[in-house]
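Trainee: I would like to learn how to read this structure. Where do we begin?

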Amino acid sequence: ETVLGVRCRSSPAALVLMSETFFPGIETIKYEGPESRNPLAFKYYNADEEILGRKMKDWLRYAVCYWHTWRGKGWDIFGPDGTITRPWDDESGSVENAKRIVKVHFEFLEKLGVDYFCFHDRDVAPEGNTLAESNKNLDEVVAVIKEEMNRTGKKLLWGTANLFSNKRYMNGAATNPNPHVFAYAAAQVKKALEVTKELGGENYVLWGGREGYACLLNTDVKQELDNLATFLRLVVEHKKKIGFTGTLLIEPKPREPTSHQYDFDAATVMGFLRTYGLEKEFKLNLEANHGTLAGHSAEHEVAMATAYGMLGSIDANQNESLLGWDTDIFPQDIRMATLIMRYVVKQGGLAPGGFNFDAKVRRESTDVEDLFIAHILGMDTYARALRNVGKMENDKLWDPMIEARYNGYSSSDLGKKIVSGETSFEELAKYIEENPNEPEQRSGKEEKFCSLLNSYL
């Protein structure tokens, strides 16, 4: 049955009145403070409140992701049909349906009070039978996105291309053994990068979902890594050619869908970029759940990236530790968020990056209001983390403890020579010869640090 031009899966009663609002009964989300028990209110995120001399919204730069929010249907590997039906989505895969979802998206951003969003090309517009048809579909939908951006003042944090869902990419995109597929991926990224520039995107992300291998026996690893580097050079070249001034970001992930991905973790990606002379052209977009899949903590990945000035943006989520796949849960771990936020504050923020909620409501959370509640949960988590770090910075207890632990490198001649690199094995061996006593044992004070952290949580 069709109502207001939209095909209903069940009954007309299930359809939102498109001429009024997509979210009837939900008002603009407001800050009510930590004592509030209203699930549709912020308890810690107060956008214009200043922490450490900067508004919370400018520290956090929140973004809503298009894929999980509007394309997620509650699927999992044991339930591919999903559980979620949205009243605005006729599931036709048509351009007109895609245009309507753009309107839904911007009403959601307005009511949630989020300034940014992120998308893959195939999230916002349906794929056609040819790349030319896909590009035409994308252009039609992008025109509506531009109208809504102009109307609302909302901005694009980053765009990207989906180089992993279509079966043509089953053996990878840039690392595919078939050069025809490499060329197709290049053409698709060319268009996505141009669209990102057209929409004023502040970054462009490359995630190598299938850039890796399932079977080492049939894989020429060196060929694939060289081809991946060539692909990234072409991205840089086209960025400069079209005048895109945003930051290029690479998103590490160790596995899933392939059993081994070349962009395994932050350290691997940084090493790859340095090997091919690309380290000045890219930064990292780190996802908490990807860090845990790599056997690290999320804060470890952030620490590694900030150590080399390579942290560009964060996909804010967390994993379900009892499951072995990328569960993309909305962040709610205050300890993890506080540790991540401490590194973000230490480097002066994430701009032009931000915190993108690459997270999805649970398969069992099927109400429309759950979309708001989940994002409020994530936003409050990192807002609370920012408040915690603000107190830590103002108290000035943490940094002196770390500085004291490494004091020998700044206060002794030996330490200063090591830091400056102005020493040799011969000189160091002579120092030990002249100072034969066993080095002083110094406590690492781990429990003291943990206790101090807990006092802020």
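Mentor: Begin with pairing: two strands pair if DSSP finds at least two bridges between them. Keep in mind that this is a predicted model.

Trainee: How many bridges join S9 to strand S10?

Mentor: Two bridges join S9 to S10 (residues 203-206), and the strands run parallel.

Trainee: Through which helix does the chain cross from S9 to S10?

Mentor: The chain passes through helix H6 (residues 179-198), and this β-α-β crossover is right-handed.

Trainee: How many bridges join strand S8 to S9?

Mentor: Strands pair through backbone hydrogen bonds, parallel or antiparallel. Here five bridges join S8 (residues 116-120) to S9, and the two run parallel. His 120 has Thr 160 in S9 as its bridge partner.

Trainee: How many residues of S9 are buried?

Mentor: Buried means under 20% relative accessible area. Strand S9 (residues 155-160) has five of its six residues buried, so by that cut-off S9 is mostly covered.

Trainee: Which strands make up the closed barrel?

Mentor: Follow the order S7-S8-S9-S10-S12-S14-S15-S16: these eight strands form a closed barrel with parallel pairing. On average, neighbouring strands of this sheet are turned by 30° against each other, direction ignored.

Trainee: Over how many bridges do strand S15 and strand S16 pair?

Mentor: S15 (residues 311-315) and S16 (residues 355-357) pair over two bridges, in the parallel sense. Ile 314 stands opposite Phe 355 in S16.

Trainee: Which strands does H12 lie across?

Mentor: H12 lies across strand S7 (62-65) and S16. Its direction is about 150° to S7.

Trainee: Is Asp 380 buried or exposed?

Mentor: Find Asp 380 in helix H12. Its relative accessibility is 7%, so Asp 380 counts as buried. Asp 380 touches Ala 41, Phe 42, Lys 43, Tyr 44 and Tyr 45, not counting residues up to four places away in sequence. Pro 34 is 346 residues from Asp 380 in sequence, yet the two are 9.7 Å apart in space, C-alpha to C-alpha.

Trainee: Now the rings. How many aromatic pairs does the structure hold?

Mentor: Rings pair if their centres lie within 6.5 Å; planes over 60 degrees apart count as edge-to-face. The structure holds 20 aromatic pairs. Take Phe 23 and Phe 372: the ring centres are 5.1 Å apart and the planes stand at 90°, so this pair is edge-to-face.

Trainee: What parts does the pair of Phe 23 and Phe 372 tie together?

Mentor: Phe 23 lies in the loop between strand S2 (6-7) and strand S3 (30-31), and Phe 372 lies in helix H12 (residues 369-395). The pair therefore ties together parts that are 349 residues apart in sequence. Phe 23 counts as buried at 1% relative accessibility, and Phe 372 counts as buried at 0%.

Trainee: What about Phe 272 and Tyr 276: what kind of pair are they?

Mentor: Their ring centres are 4.8 Å apart and the planes are at 45°, so the pair is tilted. Phe 272 is buried at 13%, and Tyr 276 counts as buried at 17%.

Trainee: Which residues form one aromatic cluster?

Mentor: Phe 23, Trp 70, Trp 88, Phe 108 and Phe 372 do.

Trainee: Where does the charged end of Arg 54 sit?

Mentor: Over the ring of Trp 59, 3.9 Å from its centre. Arg 168 also has its charged end over a ring, that of Tyr 184, 3.9 Å from the centre.

Definitions and conventions. Residues are numbered from 1 along each chain as its sequence is written. This is a predicted model: local features need pLDDT of at least 70, side-chain atom pairs count only at pLDDT 80 or more; totals for chains, interfaces and linings use all residues. Side-chain values use heavy atoms; hydrogens and water are left out. Rings of Phe, Tyr and Trp (its six-membered ring) pair if their centres lie within 6.5 Å; planes under 30 degrees apart count as stacked, over 60 as edge-to-face and the rest as tilted. Helices (H or I, at least four residues) and strands (E, at least two) are DSSP runs, numbered from the N terminus. Buried means under 20% relative accessible area, exposed over 50%, partly exposed in between (1.4 Å probe, protein chains only). A charge sits over a ring if NZ of Lys or CZ of Arg is within 6 Å of the ring centre and within 35 degrees of the ring normal. Axes are lines fitted to C-alpha atoms, for helices over the stretch in contact, and angles run from 0 to 180 degrees between N-to-C directions. Contact means heavy atoms within 4.5 Å. A crossover is right-handed if, with the strands pointing away from the viewer, the path from the first strand over the helix to the second runs clockwise.
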